[in-house]
Amino acid sequence: MNKGDHVLNGILLAVGLGFAIHPDGSVRTLETIAATLIPVVLGTLFPDVDTDFGKHRKTLHNLPVLAVLYAFPFFTGNLTWVWVGVASHYVLDVVGSKRGIALFYPLSSAEYGLPVGVTTSSKWASTATVLITVLEVGVIAVLIRVVPATVPLNAIPGLF
């Protein structure tokens with residue numbers, strides 16, 4: 001996906017998070033969207049920083065980077081939603097694009113992806129982004145309701 005699609009993904013994710021956490025559409029829903037918007041969008045853009053250094057779709061597109069960003073809020077209480085954006089970026093690059101990413105870099109440079117994706121310049125890239133994001137929001141909603149400890153919601157003061 002291109003930068004615009006990753007931003008679109010982040011915006012849709014923030015809205016989805018707002019309704020997944022507070023499905024009633026109340027002021028708290030809007031507050032959650034506002035609280036998650038910037039961190040999630042930054043997270044969706046972060047992995048592509050490796051286009052300027054390192055190896056693109058390897059250096060910042062791997063599970064060790066995601067693990068660090070997932071664990072960070074448990075220890076610091078901030079950057080809570082950045083990992084959601086990064087994870088979503090990975091999903092888009094694995095499922096939505098033809099190339100895939102090096103999930104196990106630096107241990108392995110092999111890139112993993114599904115054969116169903118589109119090229120980043122395809123006219124279908126934005127459509128693929130929206131469809132994948134809707135599925136991601138569904139998964140997040142299930143995680144929040146069924147296994148809430150997987151999403152560090154307590155790291156956001158006043159969210160609940």
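The legends below describe close-up views of a predicted model.

**View 1. The buried side of α2.** The residues of α2 that are buried are Thr29, Thr32, Ile33, Thr36, Val40, Val41, Gly43 and Thr44, and what covers them includes α1, residues 3–21, and α4. Thr32, which lies in helix α2, counts as buried because its relative accessibility is 1%, under the cut-off of 20%. The C-alpha atoms of Thr32 and Ala71 are separated by 21 Å, although the two residues are 39 residues apart along the chain.

View 2. Ile11, Val15, Phe19, Leu37, Ile38 and Leu42 together make a nonpolar surface patch of about 520 Å², to which α1 and α2 each supply at least two residues. One of the patch residues is Ile11, which is found in helix α1 and, with a relative accessibility of 39%, counts as partly exposed.

View 3. Most residues other than glycine have a negative phi. The side chain of Arg57 meets that of Asp93 in a salt bridge, with 3.6 Å from N to O. Asp93 lies in helix α4 whereas Arg57 lies in a loop, so the pair ties together parts that are 36 residues apart in sequence. Both partners are buried, since Asp93 has a relative accessible area of 0% and Arg57 has one of 5%.

**View 4. A network of salt bridges around Glu111.** A search of the whole structure finds three salt bridges, and Lys58, Arg99 and Glu111 are linked in a network of such bridges. Lys58 forms a salt bridge with Glu111, in which the closest N and O atoms are 2.7 Å apart. Lys58 lies in the loop between α2 and α3 and Glu111 in the loop between α4 and α5, so this pair ties together parts that are 53 residues apart in sequence. Arg99 also forms a salt bridge with Glu111, and here the closest N and O atoms are 2.9 Å apart. Arg99 and Glu111 both lie in the loop between α4 and α5, so this second pair ties together parts that are 12 residues apart in sequence. Lys58 counts as buried at 12% relative accessibility, whereas Glu111, at 28%, and Arg99, at 42%, are partly exposed.

View 5. Pro106 is placed in the loop between α4, residues 82–96, and α5, residues 125–146. The peptide bond from Tyr105 to Pro106 is cis, with omega near 10°. Most peptide bonds are trans.

Technical notes:
Residues numbered from 1 in each chain as written. Predicted model: local features only at pLDDT ≥ 70, side-chain atom pairs only at ≥ 80, totals over all residues. Heavy atoms only, no water. Helix = DSSP H or I, 4+ residues; strand = E, 2+ residues; numbered from the N terminus. Buried < 20%, exposed > 50% of the residue type's maximum accessible area, 1.4 Å probe, protein only. Contact = heavy atoms within 4.5 Å. Patch = residues over 30% accessible without salt bridge, like charges linked within 9 Å, V, L, I, M, F, W, Y side chains within 5 Å. Areas by Shrake-Rupley, 256 points an atom, 1.4 Å probe, with all protein chains shown as cover. Salt bridge = Lys/Arg side-chain N within 4 Å of Asp/Glu carboxyl O.
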